Amino acid sequence: MPENTPYMIAAYVITAVILVGYAVLLYRRTLKP
Amino acid sequence: MRLLKTGRWITAVGLVLLAGVYVRALAFTPVERFQGPAQKIYYVHVPSAVVAMMAMGLVGLAGILFLLLKDPRFDRFGEASAEVGTAFSVVMLTTGPIWAKPIWGTWWTWDARLTLTLFLFLLFLGYLLLRGAVTDPGLRARYSAVLGICGLVLLPFIHLSVYLFRTLHPQPIVLKPSAPSLPGEMLVTLLMSFLVFVILYVGFVTQRYALSLLREQADHHA
């Protein structure tokens with residue numbers, strides 16, 4: 001595994017967590033406005 | 001509510017397409033020779049930065065239109081775009097340092113581009129805090145519109161900062177007057193990712209706008 005692969009994985013995981021997390025948050029907020 | 005359902009569908013489609021972009025970027029886009037796999041962070045960092053800036057630009061435009069027309073829909077849109085822009089600027093400000101550490105050897109440096117993008121994030125936060133602090137809806141909308149216009153004015157400085165100041169941050173390789181200096185496969189991945197981030201922005205803003213509308217209707221009936 002190249003030396004900086006963990007950085008790439010971390011960036012992609014964090015991006016997914018933020019975007020999916022915000023989508024879930026919005027969904028829950030719109031259930032009880 | 002139809003608007004809310006539309007927003008949810010657009011968001012769901014955007015998230016599925018995001019998974020597709022991940023597969024293309026990680027498995028089917030070549031690894032850059034000098035930076036290695038860390039270069040692939042570019043495919044999430046750049047679209048998030050462009051969408052965050054686009055979100056602030058639209059907050060500013062909505063602010064101008066609100067001040068001119070006094071239409072509450074522009075205020076509602078500005079609020080939605082600012083909240084969604086905050087989420088994208090968090091992606092930008094976390095993926096940037098993760099790329100910088102292996103490539104520059106440091107997580108952060110106080111150069112012009114990085115500092116101005118931090119200002120952008122702080123402006124988003126300030127905009128949302130302002131909206132939370134002012135209870136009068138008319139005043140809140142006016143103050144927010146002015147702050148949004150300040151954010152709009154910041155955008156050209158962010159884009160041009162890499163030309164105006166000595167900075168570590170790379171110069172634009174796509175959004176520049178000459179042709180993009182990126183191999184075709186990488187450019188396609190970047191454009192696909194940008195399109196998906198825009199779809200997510202539209203889905204999020206539609207939902208957030210519908211949420212504001214629902215809250216206003218609930219307050220009206222209370």
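Where is the place of Lys70(B)? In this predicted model, Lys70(B) sits in the loop between helix 2 and helix 3 of chain B. Its phi is near 55°, a positive value in a residue other than glycine. Most residues other than glycine have a negative phi.

**Helix packing around helix 3 of chain B**

Helix 3 of chain B takes part in two helix pairs described here, one with helix 6 of chain B and one with helix 1 of chain A.

Within chain B, helix 3 and helix 6 pack at an angle of about 130°, and their axes lie 8 Å apart. Helix 3 of chain B is therefore oblique to helix 6 of chain B. Their crossing is right-handed. On the side of helix 3 of chain B, the contact includes Arg73(B), Phe77(B), Glu79(B), Val84(B) and Phe88(B). Helix 6 of chain B contributes, among others, Phe197(B), Tyr201(B), Arg208(B), Ser212(B) and Glu216(B). By class, the contact residues of this pair are 11 nonpolar, 2 polar and 6 charged.

Among the residues in contact are Tyr7(A), Ile14(A), Leu19(A), Tyr22(A) and Arg29(A) of helix 1 of chain A, together with Glu83(B), Phe88(B), Val91(B), Ile98(B) and Pro102(B) of helix 3 of chain B. The contact of these two helices comprises 15 nonpolar, 3 polar and 3 charged residues.

**Pockets and the cavity**

Rolling a probe the size of a water molecule over the atoms shows where empty space is left. The table gives the volumes and the classes of the lining residues.

| Space | Volume | Lining residues by class |
|---|---|---|
| Largest pocket | about 1000 Å³ | 27 nonpolar, 10 polar, 2 charged |
| Second largest pocket | about 410 Å³ | 4 nonpolar, 2 polar, 10 charged |
| Largest cavity | about 40 Å³ | 7 nonpolar, 3 polar, 2 charged |

The largest pocket is lined by 39 residues, and those nearest its centre are Tyr42(B), His45(B), Val46(B), Arg113(B) and His169(B). At least two lining residues come from each of helix 2 (42-69), helix 3 (72-104), helix 4 (112-133), helix 5 (137-164) and helix 6 (184-221) of chain B. Helix 3 of chain B supplies the largest share of this lining, 8 residues.

The second largest pocket has a volume of about 410 Å³. It is lined by 16 residues, and Glu79(B), Arg131(B), Arg140(B), Ser212(B) and Glu216(B) are the closest to its centre. Helix 3, helix 4, helix 5 and helix 6 of chain B each give two or more residues to this lining. Glu79(B), Ser212(B) and Glu216(B) also belong to the contact of helix 3 with helix 6 of chain B.

The count of cavities of 30 Å³ or more comes to 1. Among the residues lining the largest cavity are Val59(B), Phe66(B), Asp75(B), Tyr127(B), Arg131(B) and Ser144(B). Two or more residues of its lining come from each of helix 2, helix 3, helix 4 and helix 5 of chain B. Helix 2 of chain B gives the most, with 4 residues.

How values were computed
Residues numbered from 1 in each chain as written. Chains lettered and ligands numbered in written order. Predicted model: local features only at pLDDT ≥ 70, side-chain atom pairs only at ≥ 80, totals over all residues. Heavy atoms only, no water. 1 Å grid on protein atoms, 1.4 Å probe; cavity = no way out; pocket = protein on both sides within 12 Å on 5 of 7 lines; lining within 4 Å. Points joined across faces, edges and corners; volume = space filled by probe spheres on them. Nonpolar A, V, L, I, M, F, W, Y, C, P; charged D, E, K, R; others polar. Axes fitted to C-alpha atoms, helices over the stretch in contact; angles between N-to-C directions. Parallel < 35°, antiparallel > 145°, perpendicular 65-115°, else oblique. Left-handed = near helix turned anticlockwise from the far one by under 90°. Contact = heavy atoms within 4.5 Å.
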